Protein chains: 2
Amino acid sequence: MNHDEAATLINQVEGWELLESSTKLRRTFTFKSFIAAQAFAVKVGNISESEDHHPDITYGWGFCTVIFYTHKINGLHENDFIMAAKVSDLIS
Amino acid sequence: MNHDEAATLINQVEGWELLESSTKLRRTFTFKSFIAAQAFAVKVGNISESEDHHPDITYGWGFCTVIFYTHKINGLHENDFIMAAKVSDLIS
C-alpha cells in the first residue's frame with residue numbers, strides 16, 4: 001500500500017496515526033493502572049494471535065501502545081487497518 | 001544512583017544493558033512464538049505488580065523487551081537491578 005492509500009484509510013480508524021512514511025500504524029490507549037494496561041495488551045495479543053497478524057505491543061503503568069505493520073512487505077497492508085479497527089472496538 | 005554505581009551493578013545482572021546515560025535498564029528475551037512472548041510479558045508484569053515497581057514491556061512475534069527505571073527519580077535505583085534479576089530468574 002502506498003502513502004496515498006494509507007492516508008485515505010487512516011481516516012477510517014479514529015485515534016490511530018501513521019508512522020515512518022506510512023509504513024506503520026500506531027495508537028496509544030490509557031488506563032488507570034498497570035494491570036488494566038496489561039489486561040488490554042493481552043486482549044489485543046489474543047485477537048492478533050487468532051487472526052495470525054501480530055502487532056508490537058508496549059505497555060507500562062497506565063498505557064498500552066499498539067503498532068501494526070506487515071513484516072513481509074515492510075509496510076502497511078489493508079489487514080493492518082482491519083486489525084486496528086478490531087483493537088479499537090475492544091474499548092468502545 | 002549515579003553512572004559509576006550503575007556501571008558496577010550492571011555486572012550483576014547478566015544480559016541487561018544500561019540506556020540513556022545509565023537512566024534505564026533494558027533486556028530483550030527471545031521466544032519461538034507470539035504467545036510465548038506474551039506469556040512471558042504477563043509473568044514479568046505480574047511480578048512487577050506484586051513488587052509495585054513496574055517496567056515498560058514491549059512484545060511482539062518472538063521477543064519481549066523489558067525496561068526498568070524509577071520514574072520518581074527519572075533514573076536508576078537499586079530496586080531496578082533487583083527487579084532485573086527477578087525477571088532474569090523467570091527464564092533460568
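This is a predicted model: local features need pLDDT of at least 70, side-chain atom pairs count only at pLDDT 80 or more; totals for chains, interfaces and linings use all residues.
Two copies of a chain are related by a rotation about an axis and a shift along it. Here, a rotation of 180° with 0.0 Å of shift along its axis superposes chain B on chain A, with an RMSD of 0.0 Å. That is the relation of a two-fold axis. Within chain B, the C-alpha nearest this axis belongs to T58(B) and lies 2.0 Å from it. The same surface serves both copies, since 100% of the contact residues of chain B recur in chain A.

**The interface**

In this pair, 18 residues of chain B are in contact with 18 residues of chain A. The size of an interface is often given as the accessible area lost when the parts come together. For chain B and chain A the buried area is about 1400 Å², and carbon and sulfur atoms give 59% of it.

Which elements of chain B give two or more residues to the side that touches chain A? They are helix 2 (34–51) and strand 3 (56–60) of chain B, and the largest share, nine residues, comes from helix 2 of chain B. Sorted by class, the side of chain B that touches chain A has nine nonpolar, seven polar and two charged residues.

**Strand pairing**

Strand 3 takes part in a pairing that crosses from one chain to the other: strand 3 of chain A and strand 3 of chain B run antiparallel and are joined by three bridges. In this pairing T58(A) has T58(B) as its bridge partner, and T58(B) is also the residue of chain B whose C-alpha is nearest the axis.

| Strands joined | Direction | Bridges |
|---|---|---|
| strand 3 of chain A and strand 3 of chain B | antiparallel | three |
| strand 1 and strand 2 of chain B | antiparallel | three |
| strand 2 and strand 4 of chain B | antiparallel | six |

Strand 1 of chain B covers residues 17–19 and strand 2 covers residues 24–30; E17(B) of chain B stands opposite R26(B) in strand 2. These two strands form a hairpin with four residues between them, in which E20(B) takes a positive phi near 45°. Strand 2 of chain B is also joined to strand 4, residues 63–68, where the bridge partner of T30(B) is F63(B).

Conventions
Residues are numbered from 1 along each chain as its sequence is written. Chains are lettered from A and ligands numbered from 1 in the order in which they are written. Side-chain values use heavy atoms; hydrogens and water are left out. Contact means heavy atoms within 4.5 Å. Buried area is the accessible area (1.4 Å probe) that two parts lose on being put together, summed over both. Ala, Val, Leu, Ile, Met, Phe, Trp, Tyr, Cys and Pro count as nonpolar, Asp, Glu, Lys and Arg as charged, and the others, Gly among them, as polar. Two strands pair if DSSP finds at least two bridges between them. Copies are superposed by least squares on the C-alpha atoms of residues with pLDDT of at least 70 in both.
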